[in-house]
Amino acid sequence: MRSSRLLLPALLLSATAYAQHDMHKMAAPTDTARAKKAVDHSQHMGHTMPGMTATPDTSRKAQTMQGMDHSGHDMSNMAGMDHGGMNMSHAYSRNLPMSRNGSGTAWNPDNTPMFMWMHHKGQWMIMNHGALNLRYTNQNIGRSNGQRGGTTFDAPNWFMTMAQRRIGEKGLLNLTAMISLDPLTEGGNGYPLLFQSGEAYKGKPLIDRQHPHDLFSALSVAYTHAFTEDVDLTVYLGYPGEPAIGPVAFMHRISAMPNPDAALGHHWQDATHIAFGVATVGLRYKQFKLEGSNFTGREPDEHRYGFDKPRADSWAGRLNWNPTPSLALQVSKAYIKSPEELHLDENVRRTTASIIQSNQWGDYRFITSALVWGLNKHVEADGHSHGSASHSVLAETNVQLGKPAVYGRYEFVQKSNEELGIPLFGPADEEVTANYNVHGLTVGANYRVAQVAKTDFTLGAQATVYRPDSDIRYFYGRTPVSAQVYLRLNPSLMKRM
């Protein structure tokens, strides 16, 4: 409790105006004379910053200016841009754009909008992210007696600080801390969400509820060494941290930003974003990155304020590819040891693939989307399969048109009778299992009603229609409908130059 009271004010007070530079003529990447002229011009106009030198580092300029949008001067495409000593590179590469930052070491597209507060302290660049959703939700409106659902006033939230600095001529150091006050705003058993499953509370599985995230959701350190502009090696350590599995976690995807709910396929796609003990090594070559992780497979326990035992018993590998500034692709595979506390004899082989898309055409004008597939195959300690493999698919889009935005999410998940708490009857000496198909479609809209201290206040509403298998409609209804209204607070957009 004392840690949460100290960390949250520190994060919120970090909201500082970032420097905006009027770079009227940007240098071409291979023209040293023009690059020097641009720097001299910025000094003449009074934009000289501490650490800026008159002679540009031409070895870095080529990569720095690669992919720059000269018509819009899009800051997100300036890989490794040094605005007079203000190093604005990716968290894990001196030669990639800051806008590629995702969750853990996962990649976003380079064109991803950046909602954050940023400032500099000496050689450190400090970025603060986060979101707080004050909302009312009603799950399964009009449900009859005995059918599942629930209502609540709550506030899902997360806050993250990233600090990084260059080390020598080739190195980059990153420190990341992320907290969530879900244990306070959601309680120990989380919030109601139809067809959601995963983790446990007081010895019982959480069913039709989304679990709260831990107070300390990430504490990591990483060092990246750049061998060349095209090749670098990253070592990432987290306790907790995020191994190299799946796409950028849902709360860090701009395509999922308007939706306060976790994805129903969370435990098929990106649930490992909080693992108490992670070591990842990643090798990047140009727009490819190959990563391998050793980590703790056990999901966080119900004691959300503490630190769980590190086990280093699980493995994962991921291949990332950003073929264009608008796309980020990944495939990953993992062996996860005893993820569920109530089923320690079951291990999971997880496979994921995803495409994230992002395009901007002005400040607060963008479209972002994600297509994610995840497969879980449960295996026993002796390697034999336990039940059939289950799939999940997610497709989501967020369209921002100035102050208003519209968004949607389609989900398909296969969940077992055990995951949904559906009783099955069979021979006493035989375990009976079944997978049920669930479809869900969410549509919503919101409007930015105010902007105070570089913080957006956005009012929104959304509705979700589900279509479950006929075998489980007794518990939910034929087409259950859920709805919610919310007020979201988050850092304002870092505007394009």
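Trainee: How many aromatic pairs does the rule give, and what makes two rings a pair?

Mentor: Rings of Phe, Tyr and Trp (its six-membered ring) pair if their centres lie within 6.5 Å, and planes under 30 degrees apart count as stacked, over 60 as edge-to-face and the rest as tilted; by this rule the count is twelve aromatic pairs. The model is a predicted one, in which local features need pLDDT of at least 70 and side-chain atom pairs count only at pLDDT 80 or more, whereas totals for chains, interfaces and linings use all residues. Residues are numbered from 1 along each chain as its sequence is written, and side-chain values use heavy atoms, with hydrogens and water left out.

Trainee: What makes Tyr 92 and Tyr 236 an edge-to-face pair?

Mentor: Their ring centres are 6.1 Å apart and their planes stand at 85°, to be set against the limits of within 6.5 Å and over 60 degrees, and the pair is accordingly edge-to-face. Tyr 92 lies in the loop between strand 1 (89–90) and strand 2, and Tyr 236 in strand 11 (residues 231–238), so the pair ties together parts that are 144 residues apart in sequence.

Trainee: Why is the pair of Phe 216 and Phe 307 called stacked?

Mentor: The centres are 5.2 Å apart and the planes are at 25°, so this pair is stacked, given that stacking asks for planes under 30 degrees apart.

Trainee: Why does Phe 216 count as buried, and why does Phe 307 count as partly exposed?

Mentor: Buried means under 20% relative accessible area, exposed over 50%, and partly exposed in between (1.4 Å probe, protein chains only). Phe 216 has 11% relative accessibility and therefore counts as buried, while Phe 307 has 39% and therefore counts as partly exposed.

Trainee: Why is Ser 103 called buried, and which residues is Ser 103 in contact with, leaving aside its neighbours within four places in sequence?

Mentor: Its relative accessibility is 3%, so Ser 103 counts as buried. With contact meaning heavy atoms within 4.5 Å, and neighbours within four places in sequence left aside, Ser 103 is in contact with Glu 242, Pro 247, Val 248, Ala 249 and His 252.

Trainee: How do you know that Arg 448 lies over the face of Tyr 364?

Mentor: A charge sits over a ring if NZ of Lys or CZ of Arg is within 6 Å of the ring centre and within 35 degrees of the ring normal; Arg 448 lies over the face of Tyr 364 at 4.1 Å from the ring centre.

How values were computed:
Helix = DSSP H or I, 4+ residues; strand = E, 2+ residues; numbered from the N terminus.
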